[in-house]
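Hi everyone, thanks for coming. Please put the structure up on your screens, and we will walk through a few places in it together.

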Amino acid sequence: MLLGIDVGGTHTDAVIIGRGGVVATAKIKTDHNDLIASLHRVLKRILQPVQASSIRRINLSTTLTTNAIVEDKLERVGVLAVSGPGLAEPFFNRDLGDHFYLLPGSIDHRGAQREALHKNATAAALADCRQQDLRVYAVAAKFSTRNPDMELELAGRLAGQSDFTTIGHRISGNLNFPRRLATAYYNSAVWRGYNSFADAMAAGLSNFNLDAPLNILKADGGTIDFANSRRNPVQTILSGPAASVMGIIALNPITEDAIILDIGGTTTDIAIFADGAPLLEKDGVTFGGRATLVRAITSRPIGIGGDSAITTTSDGAISVGPWRRGPALAFDGPQATLIDACNFKNLCRLGRPEKSIAGINRLAAALAISGAEVATRAIRFALDKIYRATERLLAEINQKPVYTVAEVLHGKTIQPKQLHIMGGPAAILAPLLGETFALPTWVPENYAVANAIGAALTRPTMEINLFADTSKKEMLIPNLGLREAVGSSYTLTEARRDGVARLSLYLKQNGHPELEEQEVSVTEAETFNMIDDYTAGSSRSIRVSCQIRPGLDNTWLKEVRNHAD
């Protein structure tokens, strides 16, 4: 059996999938002050009808790292950067925290060291970091994916004063120094908080005698094994929206352009599909103006959810969100919410509807209008806000090439033909949203726990970049930490073979023995003939990119779909 857990902003959901589909579900309120307590309560509930020993795999999505970044709850990071010529310090605007050090030194595009690290400048930076009592660091050098020695030297010198150091070339093998630098910064900034959560999570699973392999959802719609996530917590950013998308794929096979709405208690996540496939932020997502190399499924959150507060102004304006003050009045909350408005309009009967009616009528009395008008305008405000946000996202997507998790669609203009809705309030709002968007609307079975289903079924993803230089007789796979000798006659064909084999072997050794080499695809492969001063003649520079694409475990997916039928 598979166990999927989604720790969301309002609820923590869990599902168990076995032969026959979804065999157990659980939903509890998330305690943001104690996420481990939330995990403990949902496990206690979900495991009542199931033996822990029957769980073969555990997949979990969490908002922890996303919340840390959005709420600016980040640890201070010492950032040591070596950009070489071409990128002066003002380029970075010192926006990667307050402890940014640009050090003299350079590596060229072929991986040759042109200027060694300046010893005095490096020593002064490390001394200042010690004085500031910094305990986590990020080191990144331009072209370190072609020659990691400078980053490794910096990491070595930090060993005595660092609890953790992110090394740029190991976080990503992609060639984009500013993005790699920002990614390394965020990875270290969330490392301690994530690992505290991971320690408690491991202990909690052990208390329930759960010893199955544990994986964490990534932003790109795949998973990362638990041990690797401890070193690379930045990969768990935006795992919640990824779980939404994978959940809707599992429950509603999609073949056309479509809009996906995951309506939670606090936010609505909007995603777009092109020809049945989710879109991908291919180069990486941006946080606070800082572009990273964290590949993510394209989604946009807006502050509209079932528990979004209804507010009014003295001039009669009525709005919903973006704040959540607590649960709905119907559940003894402090302020009228969107759910209360739906209770008033008899769209649902949740909690104690009489409390919803009383609260809406109090708002109406203050505005000298009817309660029905307050509820109608509040619901309309929420629907219109979701619609306008979706239209803005579509316009933004259609202005540039469309990348899905599988391919780039040149010249594609997305024109949605379907609307798929999931999350707790999905069934309540679906008819109204269908009218607002003028689209056929689908609400899947188990819509309230679709995120947890998506989490349970998601398989691992990973991308590597292989670089080879026949003049230096060297092959590198930076994010695997591999550096091997090759012959001067090394070819693109050999590089393709090595990339596929190394990625497959790595995943098998890290908790995924079921993956076969044929599941690894080569996404880019190029070779350039070079005439330079490294050799007396010509040489080749080779680059190969390989990946396991995002997807679902087909064996268990069939169980879910067959059961739904």
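Let's begin with a definition: a residue counts as buried when its relative accessible area is under 20%, as exposed when that value is over 50%, and as partly exposed in between. Keep in mind as well that what you are looking at is a predicted model.

Now try it out on leucine 492, which belongs to helix 14, residues 492–509. Its relative accessible area is 22%, so leucine 492 is partly exposed. Leaving aside residues up to four places away in sequence, leucine 492 touches Ala525, Glu526, Thr527, Ile542, Arg543 and Val544. And how far apart are leucine 492 and serine 541 in space? Between their C-alpha atoms the distance is 9.3 Å, although 49 residues separate them in sequence.

Is tyrosine 490 buried or exposed? With a relative accessible area of 5%, tyrosine 490 is buried. Its contacts, again without residues up to four places away in sequence, include Leu466, Met475, Asp498 and Arg540. Ile542 is on the contact list of tyrosine 490, and it is on that of leucine 492 too.

Isoleucine 259 has a relative accessible area of 1%, so it is buried. Among the residues it touches, beyond those up to four places away in sequence, are Ile272, Thr390, Pro416, His420 and Phe437. Isoleucine 259 and threonine 441 lie 182 residues apart in sequence, yet 9.6 Å apart from C-alpha to C-alpha.

Take helix 1, residues 35–46. Its 12 residues, at 1.5 Å each, should span 16 Å, and the end C-alpha atoms are 17 Å apart, which agrees. Which residues of helix 1 are buried? They are Leu35, Ser38, Leu39, Val42, Leu43 and Ile46. Around the axis they cover an arc of only 130°, so they sit on the same side of helix 1.

Helix 3, residues 119–131, can be read in a similar way. For its 13 residues we expect a span of 18 Å at 1.5 Å a residue, and the end C-alpha atoms are 18 Å apart, which agrees. Thr122, Ala125, Leu126 and Cys129 are the buried residues here. Looking down the axis of helix 3, you would find them within an arc of 95°, so they line one face. What do they pack against? Their partners are strand 5 (77–82), strand 6 (100–102), strand 9 (136–141) and helix 4. The face of helix 3 turned away from the buried side carries the exposed residues Asn120 and Gln131. After helix 3 comes aspartate 133, with a positive phi near 60°.

Helix 4, residues 149–158, has Met150, Glu151, Leu154, Ala155 and Leu158 as its buried residues. Their arc around the axis is only 135°, so they too are on the same side of their helix.

Now a pair of helices. Helix 10 (residues 353–367) and helix 11 (residues 371–397) have axes that come within 8 Å and cross at roughly 100°. That makes helix 10 roughly perpendicular to helix 11. Helix 10 brings Ile360, Asn361, Leu363 and Ala364 to the contact, and helix 11 brings Gly371, Val374 and Ala375. Sorted by class, five of these residues are nonpolar, two are polar and none is charged.

In the loop between these two helices lies alanine 368, whose phi is positive, near 60°, in a residue other than glycine. At 71% relative accessibility, alanine 368 counts as exposed.

Let's finish with two other loops. Aspartate 275, between strand 14 (268–274) and strand 15 (277–278), has a positive phi of about 50° although it is not a glycine. Its relative accessibility is 45%, so aspartate 275 counts as partly exposed. Finally, which residues does a cis peptide bond join? Glycine 321 and proline 322, with omega about 0°. You will find proline 322 in the loop between strand 22 (318–320) and helix 9 (338–344).

Note on methods
Residues numbered from 1 in each chain as written. Predicted model: local features only at pLDDT ≥ 70, side-chain atom pairs only at ≥ 80, totals over all residues. Heavy atoms only, no water. Axes fitted to C-alpha atoms, helices over the stretch in contact; angles between N-to-C directions. Helix = DSSP H or I, 4+ residues; strand = E, 2+ residues; numbered from the N terminus. Parallel < 35°, antiparallel > 145°, perpendicular 65-115°, else oblique. Contact = heavy atoms within 4.5 Å. Nonpolar A, V, L, I, M, F, W, Y, C, P; charged D, E, K, R; others polar. Expected span 1.5 Å × (residues − 1). Buried < 20%, exposed > 50% of the residue type's maximum accessible area, 1.4 Å probe, protein only. Arc of directions from axis to C-beta.
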